[in-house]
Amino acid sequence: MSNWENNIRKVVPYVPGEQPKGNNLIKLNTNENPYGPSPKVKEKALAADALRLYPDPAASDLVAAIAKYHGLSEDRVFVGVGSDDVLAMSFMTFFNSDKPILFPDITYSFYDVWADMLRIPYETLPVNDAFEIVPEDYNKQNGGIVFPNPNAPTGIYMPLASVREIVSKNPDVIVIVDEAYIDFGGESALSMIDEFENLLVVRTFSKSRSMAGLRIGYAMGNPVLIKYLNDVKYSYNSYTMNRPSIELGVLSIQDDAYFKETVEKVIHTRERFSAGLKELGFTVLPSSTNFVFASHKKVPARELFTGARERGVIVRYFDKPRIDNFLRISIGTDEEMDTCLAVLKELL
Ligand code: PMP
């Protein structure tokens, strides 16, 4: 018997939500946006060179467009293949201490996977009974901090004053604020990147810009952080972003009117849908995102999840402590959410 298997890096991977084949299902399980990207993106015909040539390793056109949109200098922006790529690179770059990194117990379930894969020690800090992050808890020795704001899968937004408290009390480590859902509610920590050189804000085109399939994410922070991130990226893969993503990403971020219109529609539907769920006897956490997190007083979430799947509506269920009686339901069109409510009503 050889021992080669002993030298393999063994990891327990992240499990993404199901991407079912065919389109006769109402898909409310991975927080996609039902409206699709800007017409400027959809109408763009890509030249064959967009496939033949290597992309610009710095993705400068996209960096410039994102910097312009946010009113930042270009040396404050880093782009990657979805915010998952940006976050993974950030873990690799900034979480390099013997002390544990800190994140909430109920949060994006990729954080512990990256930490395990990269051998980064970590400690999870419980959210309170209302599922809110408790800022004071982060006032302890650590090797870095990461949390989404609004948090996922709870959907709860933490006021900027609390984010400021966490960042200001931890000047010796990098604090990453994952703002995947910020366009659907709440104030961004972007306004604080000049003030705090240890703050990195991460965003995505997957949700509010409806481009999950193209894989575009970005980080914003002071130029020294961005430089270190680029050093790691160029030591790993020069061409993380492909040419079509760079080109179409620019067109997307330039169409602000379409962006605002579709974000407003999602928010409006979310409020309507949340009210409908409450009428059916659900407890619904206050959502600042494009999904809701809800629990029924009488019927277990697992049963509702399975029953809805059988009736053609896919939502997300996490079999994890504290949240195993909740459903996470992405916001689709008004029509899709009405069908979802009708299916849940029938199951109850
Ligand atoms: N952060 C959070 C909190 C998320 O829920 C997601 C979506 N799974 C991501 C980051 C990653 O999204 P993407 O890679 O599509 O940008």
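How far does a polar side-chain atom of serine 83 lie from an oxygen atom of the ligand? In this model, which is predicted, the separation is 2.6 Å. I shall begin with the ligand and its surroundings, and then turn to the domains.

The ligand is surrounded by 13 residues. The closest of them are Ser83, Tyr181, Thr204, Ser206 and Arg215. Serine 206 also places a polar side-chain atom 2.6 Å from an oxygen atom of the ligand. On the nitrogen side, aspartate 178 takes part: an N or O atom in its side chain is 2.7 Å from a nitrogen atom of the ligand.

Let me now describe the division of the protein chain. Domain 1 consists of residues 18-33 together with 257-347, and domain 2 covers residues 53-254. Their centres, taken over C-alpha atoms, are separated by 26 Å. Domain 1 brings 24 residues to the contact, and domain 2 brings 26 residues.

How much area do domain 1 and domain 2 bury between them? The figure is about 2000 Å², with 60% of it on carbon and sulfur atoms. Within domain 1, the residues that lose the most area to domain 2 are Phe259, Ser288 and Arg322, which together make up 33% of what that side buries.

The side chain of arginine 322 meets that of aspartate 105 in a salt bridge, at 2.9 Å from N to O. Between domain 1 and domain 2 the count is one salt bridge.

Which elements give two or more residues to the side of domain 1 that touches domain 2? They are helix 9, spanning 256-279, and strand 10, spanning 291-296. Helix 9 supplies the largest share of that side, namely six residues. Sorted by class, the side of domain 1 that touches domain 2 holds 11 nonpolar, eight polar and five charged residues.

Finally, I turn to the salt bridges of the model, whose count comes to 19. One of them joins the side chains of arginine 76 and aspartate 194, at 3.2 Å from N to O. Arginine 76 sits in the loop between helix 3 (60-70) and strand 2 (77-80), while aspartate 194 sits in the loop between strand 6 (175-178) and strand 7 (199-204), so this pair ties together parts that are 118 residues apart in sequence.

Thank you for your attention.

How values were computed
Residues are numbered from 1 along each chain as its sequence is written. This is a predicted model: local features need pLDDT of at least 70, side-chain atom pairs count only at pLDDT 80 or more; totals for chains, interfaces and linings use all residues. Side-chain values use heavy atoms; hydrogens and water are left out. Domain bounds come from an automatic or database domain assignment. Contact means heavy atoms within 4.5 Å. Buried area is the accessible area (1.4 Å probe) that two parts lose on being put together, summed over both. A salt bridge is a side-chain nitrogen of Lys or Arg within 4 Å of a carboxyl oxygen of Asp or Glu. Helices (H or I, at least four residues) and strands (E, at least two) are DSSP runs, numbered from the N terminus. Ala, Val, Leu, Ile, Met, Phe, Trp, Tyr, Cys and Pro count as nonpolar, Asp, Glu, Lys and Arg as charged, and the others, Gly among them, as polar. A residue is near a molecule or strand if one of its heavy atoms lies within 4 Å of it. A polar contact is a pair of N or O atoms within 3.5 Å; within protein, one must be able to donate a hydrogen and the other to accept it, and residues adjacent in sequence count only if both atoms are side-chain atoms.
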